[in-house]
Amino acid sequence: MEQIYADIFPKTQLSYPVMIARFIGAIIFGAVIGIEREKKDRPAGLKTHILVSLAAAVFAVISIESVHMPGLSDEQVRIDPLRVVEAVTAGVAFLAAGTIVLTRGEVHGLTTGASLWLAGAIGLALGFGYWLIALFATVGAFFVLMGIGQLEVMRNRRRKPKDRGAGEE
């Protein structure tokens, strides 16, 4: 039984409370971005942004821990944690590309794709312990999605009456 317990809770570089805090942070910060996408009924909403952010945080923590694993810290074994960043970026880019669609000559889903990419970056930042970077990126994303989004809505309302009048002449 002792071996099973040791296998479930191995010695780690980061304490388990720190890991859990980072994962909870990734869930919360991912939700902040995802909730706006959800409100706008976009293909990738609340759950997707949370999962992307959480997955990125998990990969970051795993990369930190793998560098310090017994047997993998040998000089002959080379582990590069930056490859995790590249892998997460590529994986999220694949998901984000799936949200981008060209319909009737118009591109849709670019903002959702970009927000997924940012959710992955925020998750990585949290997983590596860079809380302030993740917080700033989340606040920035919220401002861009909500604040600038409102400006775009106001701009589009002003344009539509002009467009209708021009087409009716």
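## Helix α2

The bend at a residue is the angle between axes fitted to the seven residues ending there and the seven starting there, and in this predicted model α2 bends by about 30° at Val 32. Helices here are DSSP runs of H or I with at least four residues, and strands are runs of E with at least two, numbered from the N terminus.

Residues of α2 that are buried (under 20% relative accessible area, with a 1.4 Å probe and protein chains only) include Met 19, Phe 29, Ile 33 and Arg 37. After α2 comes Asp 41, whose phi is positive, near 55°.

## The largest pocket

A pocket is an open set of points on a 1 Å grid over the protein atoms alone, where a 1.4 Å probe fits, with protein on both sides within 12 Å along at least five of seven lines; lining residues have an atom within 4 Å of a point. The largest pocket holds about 450 Å³, a volume being the space filled by probe spheres set on the points, which are joined across faces, edges and corners. Among its 20 lining residues, Arg 37, Lys 40, Arg 42, Thr 111 and Glu 152 are the closest to the centre. Elements giving two or more residues to this lining are α2 (16–39), β2 (106–108), α5 (110–127) and α6 (131–168), and α6 gives the most, with eight.

## Basis of the model

Residues are numbered from 1 along each chain as its sequence is written, and side-chain values use heavy atoms, leaving out hydrogens and water. Local features need pLDDT of at least 70 and side-chain atom pairs count only at pLDDT 80 or more, whereas totals for chains, interfaces and linings use all residues.

Technical notes:
Buried < 20%, exposed > 50% of the residue type's maximum accessible area, 1.4 Å probe, protein only.
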